[in-house]
Amino acid sequence: MKISYICSRCGKEEAVTSRKPRCECGGLWKLSFTPPKFSLDLIDRDTWNLFRYRAFMPLLDESWREISLGEGMTPVMAFDEDLSLKMDYFMPTLSFKDRGAAVLVSHCKAIGVDSVVQDSSGNAGNSVAAYCAKAGIACEIFVPEGTSPKKIDMIRAHGAVANVVPGSRDHCADVCRQKVSDEGRFYANHVYNPYFYEGTKTYLYEIYEQMGRIPQNLFIPLGNGTLFIGVVKALEEFLAGGIISRMPNVVAIQSENCCPFAAAMEENLERPAAVEVKPTLAEGIAIGIPMRGEEILGYIYKYGFRVITAPEDRILEARAVLAKKGIYCEHTTAANYAAYLHYCELYGRTPDSIIPMCGAGLKSDH
Ligand SMILES: Cc1ncc(COP(=O)(O)O)c(C=O)c1O
Ligand SMILES: [Zn+2]
């Protein structure tokens, strides 16, 4: 399998052993490689973590064996007759970000990186810190002020440095990127480094392996789009491999208080709209300037996907409803359920739907 990075702006090719966070022209890397046609026969069923799907990942070596923390393979649970939940907070660091971090940190190890920096609203930082601890890689995480203290405690417990940056999530990313360019540190970032999406692809692979099919409606949170892009990539592989004959209805979930994609679609813009980022309980999706915005909008228009917003005043209620049924998730995740209910109000009953339970409740009890 030939593997390289390709610049998403100018098309320049670069080796995946490169430590450059992005192309000289400013474009972000995409991975260029052609995985084998998806088949259940290529899953390594003796490996009880998401590397059971490694036949479809561009891994350079076997570093993952010493880095996996047993991530992935989360159950799909029937919530009611219309809705299933994929329990992604059953993960080593209690969020779906472990999917991406396990693969990204394995790649860092494979190319000999010994120190990384990363910015995060919290969960991706928890994941990268934990996997770096396992891998013996030094790690420094930047989080915005207001990040749940439990997430910050976890980052520090893994031996990483946690820097709390005053201001917005977008500003926090700027501060971290400045450090990357000033000090040449490796940017183990879930938005920039495309290895992360090779991990989030497994969300869809698992659904297919577990259910034997892909549900008609996939609700996916959309901040920077790490789960969204992974799912779209996996769906494209399924289309190419004849596993599905058409795209399911993917519904991207944004916060009502921060919705650059929903706003762009209203005016048919090619880029995310400039929006005011108002405070929201859904801190994990409060991204005003998504760095892969054009790429994501491209997928939305190409496949006719929908975007729905989570009503702010319904998030606590949604969280309480889930908790009363035994599911204690974080606020950003309750927003997924609030958005699903809102979608049903707008478009009618929507059976055969699945939403991810991305993050655990104990993490966001402020
Ligand atoms: C619980 C939770 N859900 C959803 C998201 C959104 O992920 P993304 O920004 O990659 O779209 C995040 C991101 O941090 C999160 O922590
Ligand atoms: Zn370029």
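Biologist: How do the residues of the lining of the largest pocket divide into nonpolar, polar and charged?

Modeller: Eight are nonpolar, five polar and seven charged. Ala, Val, Leu, Ile, Met, Phe, Trp, Tyr, Cys and Pro count as nonpolar, Asp, Glu, Lys and Arg as charged, and the others, Gly among them, as polar. Keep in mind this is a predicted model, where local features need pLDDT of at least 70, side-chain atom pairs count only at pLDDT 80 or more, and totals for chains, interfaces and linings use all residues. Residues are numbered from 1 along each chain as its sequence is written, ligands are numbered from 1 in the order in which they are written, and side-chain values use heavy atoms, leaving out hydrogens and water.

Biologist: Which helix gives the most to that lining?

Modeller: Helix α10, residues 293-303, with three residues. Helices here are DSSP runs (H or I, at least four residues), numbered from the N terminus.

Biologist: Switching to ligand 1, how many residues surround it?

Modeller: There are 16, each with a heavy atom within 4 Å of the ligand. The closest are N123, G223, N224, G225 and T226.

Biologist: What does the shell around ligand 1 divide into?

Modeller: Five nonpolar residues, nine polar and two charged.

Biologist: And how far is a polar side-chain atom of K97 from an oxygen atom of ligand 1?

Modeller: 3.2 Å. For the backbone, a polar atom of G223 is 2.8 Å from a ligand 1 oxygen, and one of G225 is 2.7 Å from a ligand 1 oxygen.

Conventions. Polar contact = N/O pair within 3.5 Å; in protein donor to acceptor, adjacent residues only side chain to side chain. Helix = DSSP H or I, 4+ residues; strand = E, 2+ residues; numbered from the N terminus.
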